[in-house]
Structures are given as C-alpha cells and as structure tokens.
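Subject: Structure for your review

Dear colleague,

Please find below the structure that I am passing on to you. I would be grateful if you would read the notes under it alongside the coordinates.

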Amino acid sequence: MHEHSSGDWTVLTIAGELDVVGAPELRQHVLRCVAAGHHHLVLDLTGVDYVDSFGLGVLIGSLKRVRLLDGDLRLVVPEPRVRRVLELCDLDRVFALHDDLDQAMVAS
Amino acid sequence: MTLSEGGSTPRRAPTTSRLSFEIPARTDFVSFARVVVAGAAELRADISPERVEDLKLAVSEAVTNAINAQGRIGRNDRIRLECWLGDDELTVIIHDHGDGFSTADIPDLPEPDHPDRLLHESGLGLHLMSMLADESEVSSGDDGTDVKLVVYSTRRRLST
C-alpha cells in the first residue's frame, strides 16, 4: 500500500484483493491516517481486482470515520468487477466513485 | 478431493459430476476454495467468465460466513464444499458446524443516502450471495448450516 499527499487530500493506493485477508491492512492504514489528522482521503482501488463484503465493510467504516471528523473519502474504481460489487450493494450511492485519480481530485 | 461421475446412462440424459473437498476453517483458505470452485465451473463451457466471477464471490461470502459461524462457538471443524456440475447449472453446497443463522435475522439496510447506512459495516455477505447466484438457500439446524448456491448455464439463463 502506497500513500502520498496531494493538496488537502491523502491518497492511498491499494493493490491486490480487498477481502477478508487483505482488507484489515487497509483499515489499519486508514486509522493511522485519521489519527495523524488526515481526514480527506482518496482510496485508489485501480490495482484492486477483487473485493468481498468484508472489504466493503472496511470502506464503509473508513467513510464513517472521516465524516465524523468533517472529512471526506473518495474512491477511484475503474475496474468493472469491483464497481459492480459496490453497485450490487447500492454503495455507488454512498460513495463518490471515480474512474481515475485525476477525476477524483478535481471533483467538487 | 474427490471427483466422481454419475447418471451416465441412458445416452443424452443429463450427466452430473460431483466434486467435494474440505478446507481448514481459516480465512487464508477462502481464496483456495473460490479458485477450486471456479475451476469446476470452468469445466462447463456454457457458464460465462462473468458468472464464474460472480460464483467465486458468492462462494467466498458463504465460506467466510461458515468460518465465522464456527468461530463464534469455538469449533474448528473443516468446512466442506460440494460442487455438482449439471448440464445446465452448477450447484455448490457449503457446510459448516457453526451456530447457524437465518436470513430473517439480517436487518434491512437503510437507504444508501440515509446517515444510518454507515452504521452497517457488516451484513452484506448474505445480500451479495443472493444477488450473485441464480438461486441461494440457507438451511440451519442443530448440526450447522448448509448454504446452497446455484449458477445457471447461459442457455438456461436465456430460457428462463
């Protein structure tokens, strides 16, 4: 997992499987970011090829945490399979989904 | 792992192959289970790659539920999976020895734009299973739970 800053946003780049095995690492990383005062997060899931309900739960929990601190969380989800899973759970209406990082950064 | 053939007569009658295997009740074996089931599904040329991906996720959700159900009561039995490859569908049964659950216990999720939606970090697994499989069924009893998932062939999907 890679982290970098861009303006007010902290971008976390995630790769691999965001599932019951891989997602706990993301949760810990988000918790560290929030504890460090970074409440505006972009999770770049371009390199994620698989997500399960546990991974979705970590995404929802991450959004909840930053919102409690008046922050925000955006998702970059170009992979159709991953986007479909989000849509099956109506999470495309919960998260701001973007096709690429540039689009996520310029969204208002 | 066992693979057997059945129902081979008479000619042109439906044939069914059965594959069964067990995994340790550990989350690091979930991906193994879904890869094996996907391999079984790919033996059926008439199941599209997209549906195989759907089945992989549905099976993963069922296996994760099974591991968690056993974990809640401290049981460490292996999780058993059976795949039945019919001419027009693939059926997967996931059996555990957990404390059981009912789909009626799953709370309704608030609308996506409701603030309380973010209180529901879990509980999406059963929802996903039912959305991804053509049929899904949960049977809980004293000896655990059977989750049955069925994915139809493209031909059967088009004819129903």
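This is a predicted model: local features need pLDDT of at least 70, side-chain atom pairs count only at pLDDT 80 or more; totals for chains, interfaces and linings use all residues.

Helix packing in chain B

Helix α1 of chain B, residues 30–41, packs against helix α2 of chain B, residues 49–72, at an angle of about 145°. The axes of these two helices are 9 Å apart, and the crossing is right-handed. On the α1(B) side, the contact is formed by B:Val30, B:Ala33, B:Arg34, B:Val37, B:Ala38 and B:Ala41. The residues contributed by α2(B) are B:Val52, B:Leu55, B:Lys56, B:Val59, B:Ser60, B:Val63 and B:Thr64. Sorted by class, this contact comprises nine nonpolar, two polar and two charged residues.

Helix α2(B) also packs with α3(B), at an angle of about 150° and with the axes 9 Å apart. This crossing is left-handed. Here B:Asp54, B:Leu57, B:Ala58, B:Glu61, B:Ala62, B:Thr64 and B:Asn65 of α2(B) meet B:Gly125, B:Leu128, B:Met129 and B:Leu132 of α3(B). Six of the residues in this contact are nonpolar, three are polar and two are charged.

In soluble globular proteins, nonpolar side chains tend to be buried together. The largest nonpolar core in this model has 68 residues, and B:Ala58, B:Val59 and B:Leu149 touch the most other members. Helix α2(B) supplies the largest share of this core, with nine residues. Leaving aside residues up to four places away in sequence, B:Leu149 touches B:Leu55, B:Ala58, B:Val59, B:Ala62, B:Val92, B:Met129, B:Ala133 and B:Ser136.

The contact between the chains

Chain A and chain B each give 19 residues to the contact between them. On the chain B side, the elements that provide two or more residues are α2 and α3 (124–132). That side divides into seven nonpolar, six polar and six charged residues.

A loop residue in chain A

A:Pro78 is located in the loop between β4 (72–76) and α3 (80–88) of chain A. A:Trp9 is 69 residues from A:Pro78 in sequence and 19 Å from A:Pro78 in space, C-alpha to C-alpha.

With kind regards

Key
Residues are numbered from 1 along each chain as its sequence is written. Chains are lettered from A and ligands numbered from 1 in the order in which they are written. Axes are lines fitted to C-alpha atoms, for helices over the stretch in contact, and angles run from 0 to 180 degrees between N-to-C directions. Helices (H or I, at least four residues) and strands (E, at least two) are DSSP runs, numbered from the N terminus. A crossing is left-handed if the near helix is turned anticlockwise from the far one by less than a right angle, and right-handed if clockwise. Two residues are in contact if their C-beta atoms, placed from the backbone, lie within 7 Å. Ala, Val, Leu, Ile, Met, Phe, Trp, Tyr, Cys and Pro count as nonpolar, Asp, Glu, Lys and Arg as charged, and the others, Gly among them, as polar. A nonpolar core is a set of buried Ala, Val, Leu, Ile, Met, Phe, Trp, Tyr and Cys residues joined through C-beta atoms within 7 Å. A residue is buried if 20 or more other C-beta atoms lie within 10 Å of its own, exposed if 12 or fewer, and partly exposed in between; C-beta atoms are placed from the backbone.
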